[in-house]
Amino acid sequence: MSISSLYIHVPFCAIKCDYCAFHSVPSQDRDLHRTFLVRLAEEFNEYTDDTEELKTIFIGGGTPSLLHSKDLETLLQSIRTSFRLAPSTEFTLEANPESLTREKIIIFSQYGGNRISLGVQSFSAVLRRTMGRHGSLDALERIMTDCTYAAITNISFDFIYAVPGETKRLWRNDL
């Protein structure tokens with residue numbers, strides 16, 4: 001088996017959102033995060049001989065941006081130590097705006113990260129409440145500036161469509 005893409009599921013969130021069906025554990029316990037990262041690095045070593053240059057890497061979750069900056073760096077170092085990246089690898093970090101800092105963006109960029117996927121879900125406060133979406137979007141403008149500073153220009157927003165009470169106008173506003 002030859003592996004050319006990698007998905008890493010970081011199963012930690014500050015708070016579990018009502019709509020989320022992905023496995024995640026509400027935990028900001030750094031000891032638990034570090035234990036997970038140690039085991040993940042061990043697992044990476046089991047696959048290094050089976051990989052070609054990785055074409056895509058997606059760190060999703062949960063909330064990977066919840067990791068402390070040093071722990072995020074540990075994860076990224078493990079990836080770079082264990083796998084070879086193609087020159088054009090799309091390397092994505094899924095993030096929630098409230099936990100993504102300038103420091104984390106810069107660290108991600110330094111390890112070859114070139115795409116940030118932000119969990120916005122909706123710009124409508126009403127729809128966000130309907131979904132049980134926690135956190136705010138107050139940091140979006142700063143994040144965009146920080147991404148530009150770190151030379152990350154590939155930024156996507158995750159949206160959820162067909163939320164109860166959503167109108168075409170609200171959907172168009174999100175888009």
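Me: Why is Tyr111 called buried in this predicted model?

Reply: Tyr111 has a relative accessible area of 15%. Buried means under 20%. Therefore Tyr111 counts as buried.

Me: Where does Tyr111 sit, and what does Tyr111 touch?

Reply: Tyr111 lies in the loop between H3 and E6. Leaving aside residues up to four places away in sequence, Tyr111 touches Glu73, Leu76, Gln77, Arg80 and Phe91. Phe91 is 20 residues apart from Tyr111 along the chain, and their C-alpha atoms are separated by 9.4 Å.

Me: How do you know which side of H5 the buried residues are on?

Reply: In H5 (residues 140-149), the buried residues are Leu140, Ile143, Asp146 and Cys147. They cover an arc of only 120° around the axis, so they lie on the same side of H5. Glu141, Thr148 and Tyr149 are exposed on the other side.

Me: What do the buried residues of H5 pack against, and what follows the helix?

Reply: Their partners are helix H3 (102-110), strand E6 (115-121) and strand E7 (154-159). After H5 comes Ala151, with a positive phi near 65°.

Me: What makes E1 and E7 the edges of the sheet?

Reply: The sheet is open and has five strands in the order E1-E4-E5-E6-E7, with parallel pairing. Strand E1 (3-10) and E7 each have a single partner strand, so one side of each has no neighbour in the sheet. Neighbouring strands are turned by 20° against each other on average, direction ignored.

Me: How do you know that E6 and E7 pair?

Reply: Pairing needs at least two bridges. E6 and E7 have six, in the parallel sense. The count meets the cut-off, so the two strands pair. Ser117 stands opposite Ser156 in E7.

Me: What does helix H1 touch on the sheet, and at what angle to E1?

Reply: H1 (residues 30-47) packs on the sheet and touches E1 and strand E4 (51-61). The directions of H1 and E1 make about 165°.

Me: Why is H1 called roughly parallel to H2?

Reply: The axes of H1 and H2 (residues 69-82) come within 10 Å and cross at roughly 5°. Angles under 35 degrees count as roughly parallel. That is why H1 is roughly parallel to H2.

Me: Which residues make this contact, and how do they divide?

Reply: H1 contributes Arg30, His33, Arg34, Leu37, Leu40, Ala41, Phe44 and Asn45. H2 contributes Lys70, Asp71, Leu75, Ser78, Ile79 and Ser82. The residues of the contact of H1 with H2 divide into six nonpolar, four polar and four charged.

Technical notes. Residues numbered from 1 in each chain as written. Predicted model: local features only at pLDDT ≥ 70, side-chain atom pairs only at ≥ 80, totals over all residues. Heavy atoms only, no water. Buried < 20%, exposed > 50% of the residue type's maximum accessible area, 1.4 Å probe, protein only. Helix = DSSP H or I, 4+ residues; strand = E, 2+ residues; numbered from the N terminus. Arc of directions from axis to C-beta. Contact = heavy atoms within 4.5 Å. Axes fitted to C-alpha atoms, helices over the stretch in contact; angles between N-to-C directions. Parallel < 35°, antiparallel > 145°, perpendicular 65-115°, else oblique. Nonpolar A, V, L, I, M, F, W, Y, C, P; charged D, E, K, R; others polar.
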